[in-house]
Amino acid sequence: MSHIKHILLALLIAALSLSSVAAEDWSQFRGPNGTGVSATTGLPTEFGPDKNVIWKTPLPPGHSSPVLTRNRVFVTAHGKEKDTYKLLVICLDRQTGKILWQREVPRTRTGRLQNVNGPASPSPVTDGENVYVFFQEFGLVSYDAAGKERWKMPLGPFNMFYGFGASPIVVDDKVILPVDQDNPSSFLVAVDKNSGRLRWKVDRPEVISGYSTPIVYQPKQGAKQVIIPESFQLSAYSVEDGKRVWFVRGLACEMKSIASHDAEYLYVNGWGFPQNQPGEQVKTVTFAEGLARYDTNHDGLIAKSEISGKEMMDKMLREAFEAFDSNRDDKLNEKDWAIFRAMMASENGLLAVKLGGSGDQTSTAIRWRYTKPVPQVPSTLLYKNVLYMVNDGGILISFDPTTGNVIKQGRLQGAIDKYFSSPVAADDKVFLIGEGGAVSVLKAAGDWQILKVNQLDDECFATPAIADGRIYIRTRSALYCFGSKS
């Protein structure tokens with residue numbers, strides 16, 4: 001009996017060791033199920049190019065965020081050439097930062113790229129051994145840990161206003177990718193992670209340009225669901241077959257953030273135009289009225305050159321015409337006009353939404369709504385029962401996630417900047433990175449306090465990865481691994 005006890009104890013220790021190792025992975029954009037939270041401790045408060053650097057590796061450009069296995073770091077990148085750049089997948093040793101391999105993915109088309117979404121904006125995802133990457137100028141590709149190509153699936157072409165921003169995720173044996181675009185129709189695709197074979201594809205014709213990475217929700221009964229913040233709505237799709245299970249209307253016209261969440265609620269922010277602030281919406285007219293007003297050549301379409309007038313509707317049509325022109329033909333048809341009206345009628349904001357249900361949950365699922373200005377890009381962060389949100393200019397707000405009440409609002413001194421990186425947390429600290437490379441480290445609490453603002457002296461668009469007492473931060477020119485040096 002004593003011998004059996006020893007065996008059981010050894011098995012228990014091994015199991016605990018394995019679960020500890022798995023917990024220290026950061027396998028996708030923003031870590032475990034997109035939460036941005038790690039259970040690790042011992043993270044440094046002060047770090048920079050010359051302080052607490054475990055390693056630093058120069059990298060080609062790319063805005064994708066690093067993902068981690070137990071011994072690897074994966075990133076995507078692109079060459080520095082203006083028009084002839086290469087698409088790159090790079091694997092680094094997690095302990096030393098040494099580049100173990102680099103692979104080139106063929107560019108089969110030219111993608112629409114604007115502002116911060118470059119050729120390598122979507123982040124990789126890993127199942128702990130293999131890596132799965134997506135480039136809008138090719139599609140999906142998978143490599144094993146040694147850099148051998150496992151499979152590839154060309155996709156596209158794509159038509160997002162700002163270029164592709166969403167990252168793929170792995171759910172059980174599937175790689176799932178949302179394609180939220182203007183024309184042709186949006187869709188959601190699931191690919192067998194082992195073979196690259198298409199498992200299912202679901203058309204989503206009501207969805208326009210979007211940039212949000214999904215999260216996974218496991219209801220108490222039934223199959224897992226993929227939750228996607230879409231234009232004007234939040235939708236849940238069955239991982240099993242891709243069918244939409246439930247949805248909530250009332251989101252902004254353009255979604256970029258990943259949803260923060262616990263087991264019952266999620267929190268998602270969206271921003272379209274300043275004119276989407278509640279009470280500031282632009283009044284519009286029907287398509288027939290629009291034709292009567294603008295269609296001077298009587299071709300049944302509205303060209304930008306035909307738009308004149310001084311009213312706010314005229315101004316919005318002139319200044320944001322391309323956002324409404326879904327097929328980019330420089331003319332608005334009836335469908336485009338419907339998109340224009342829907343975009344003008346939508347509201348910016350931060351919503352708390354109850355997870356689950358069937359069908360339209362709009363009337364019952366919204367727990368609270370915050371309608372003052374919210375970020376363009378960064379997601380919120382839910383950490384130890386406090387919800388954090390950072391706006392451009394370094395305005396940080398903490399909320400009570402139960403009520404939506406603001407606990408504290410203040411400016412991150414020394415970090416007045418635009419923010420594209422999403423906040424992450426661990427070790428009772430919150431980390432926020434501005435575009436200019438200022439990293440604010442906060443004491444995590446509703447009444448948060450700034451512990452230190454570190455300067456990386458380089459642009460930063462990627463979201464950090466955290467594991468094993470280390471924080472991995474990608475700047476424009478390098479990947480850093482920071483940790484406390486004893």
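Analyst: Contact means heavy atoms within 4.5 Å of each other. The model discussed here is predicted.

User: Which elements cover the buried residues of H3?

Analyst: The cover includes H2, H4, strand E21 (331-332) and helix H5 (334-345). The buried residues of helix H3 (residues 312-319) are Met313, Asp314, Met316 and Leu317.

User: How do you know where on the helix the buried residues of H3 lie?

Analyst: Look down the axis of H3: the buried residues fall within an arc of 165 degrees, so they line one face.

User: How many aromatic pairs does a search of the whole structure find?

Analyst: The search finds 21. One of them joins phenylalanine 273 and phenylalanine 324, at 6.2 Å centre to centre and 50 degrees between the planes.

User: Why is the pair of tyrosine 480 and phenylalanine 482 called stacked?

Analyst: The ring centres of tyrosine 480 and phenylalanine 482 are 5.0 Å apart, with the planes at 10 degrees. Stacking needs under 30 degrees, so this pair is stacked.

User: What makes lysine 201 sit over the ring of phenylalanine 187?

Analyst: The charged end of lysine 201 is 4.3 Å from the centre of that ring. The distance limit is 6 Å, and the charge must also lie within 35 degrees of the ring normal. Lysine 408 likewise has its charged end over a ring, that of tryptophan 448.

Conventions: Residues numbered from 1 in each chain as written. Predicted model: local features only at pLDDT ≥ 70, side-chain atom pairs only at ≥ 80, totals over all residues. Heavy atoms only, no water. Phe/Tyr/Trp six-rings, centres within 6.5 Å; stacked < 30°, edge-to-face > 60°. Buried < 20%, exposed > 50% of the residue type's maximum accessible area, 1.4 Å probe, protein only. Helix = DSSP H or I, 4+ residues; strand = E, 2+ residues; numbered from the N terminus. Arc of directions from axis to C-beta.
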